[in-house]
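Reader: I have a protein chain to read and would like to go through it by question and answer. Please show it.

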Amino acid sequence: NNTDVMDITGGTLEPQSWFILGYGAGTDGTLNISGGVTTASGTMQVGRDGVGHVNITGGTFEVPNSTLELGALTGSGHVQLYGGTITCSAFSMSDTSTMDVTEGTMIVNGDVTSLINGYIGSGYIVAYAGSGNVLVDYNISNPGKTTVTAQTGEKAGYPNPANGATGVSINADLSWTSGIHATSQDVYFGTDSTPDSGEFKGNQTETTYDLPQLALDTTYYWRI
């Protein structure tokens, strides 16, 4: 049988050595995770020489000791992260592999923001089938780790400075991407942790906002 499907709805699964979906050419392996904890303690390849799929809507998928590889050799790997959490020591994907993120979260050890942003720029990682924004941060959501989530394209995304950012220049400005249906946006900025009418800076069509020089040792809050 060249096609196999495994459904994990709860409990614990922990392969100790190789865990490969789509091992040989012409094979197609699918792992559906909706609950429980799945831990690949050894090598994890989604599409070695065949095609591999991981569809996660709940639960946890862990690769603690090696790289989560999408498209390891000549194959391709495809992840639908529609819920739950993926955690991995490292992450890689080939140019024939894809990841679509909606309600789920991926957490990778260390700072791999440049790697992930490269995949996003190449269109390998998308949010909401391409209509949303993929959000990436390092050392903010999870200390010492890179966190990948998604935001529906209905709202503004990719805030810079990012949520929780520290060490920001006193000469920084604000930038973001607008929602897919937005024609303008309201800008709020100040020292109030819940920016409201007192921090309203106006409505504008541009997706940048020039700030005055900021004060040292001060926490600021902003929203669009």
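This is a predicted model: local features need pLDDT of at least 70, side-chain atom pairs count only at pLDDT 80 or more; totals for chains, interfaces and linings use all residues.

Author: Residues are numbered from 1 along each chain as its sequence is written, and side-chain values use heavy atoms, with hydrogens and water left out.

Reader: How many strands does the secondary structure of the protein chain come to?

Author: Helices (H or I, at least four residues) and strands (E, at least two) are DSSP runs, numbered from the N terminus. By that count the protein chain has 1 helix, and its strands come to 19.

Reader: Which residue in β11 is the bridge partner of D100?

Author: Two strands pair if DSSP finds at least two bridges between them. Strand β8 (residues 76–93) and strand β9 (residues 98–101) run parallel, joined by 4 bridges, and Q80 stands opposite D100 in β9. Strand β9 also pairs in the parallel sense with β11 (residues 125–127), over 3 bridges. There, the partner of D100 is V126.

Reader: Which are the edge strands of the open sheet of 3 strands?

Author: The order in this open sheet is β14-β15-β18, and the pairing is antiparallel. Strand β15 (residues 174–177) is joined to β18 by 2 bridges, with S175 partnered by T208. An edge strand here pairs on one side only, which holds for β14 (157–160) and β18 (208–209).

Reader: Is T102 buried or exposed?

Author: T102 is found in the loop between β9 and β10 (105–109). Leaving aside neighbours within four places in sequence, T102 is in contact (heavy atoms within 4.5 Å) with L81, Y82, Y128 and A150. On the scale used, buried means under 20% relative accessible area, exposed over 50%, and partly exposed in between (1.4 Å probe, protein chains only). T102 has a relative accessible area of 14%, so T102 is buried.

Reader: Which residues touch the most other members of the largest nonpolar core?

Author: A nonpolar core is a set of buried Ala, Val, Leu, Ile, Met, Phe, Trp, Tyr and Cys residues joined through side-chain atoms within 4.5 Å. A second, separate core of 8 residues includes L174, V187, Y209 and L214. In the largest core, which has 33 residues, those that touch the most other members are F61, L68, F91 and I125.

Reader: Where does P161 lie, and what is omega of the cis peptide bond that joins N160 and P161?

Author: P161 lies in the loop between β14 and β15. A cis peptide bond joins N160 and P161, and its omega is about 5°.

Reader: What is the relative accessible area of D217?

Author: D217 lies in the loop between β18 and β19 (221–223). Phi of D217 is near 50°, a positive value in a residue other than glycine. D217 is exposed, and its relative accessible area is 84%.
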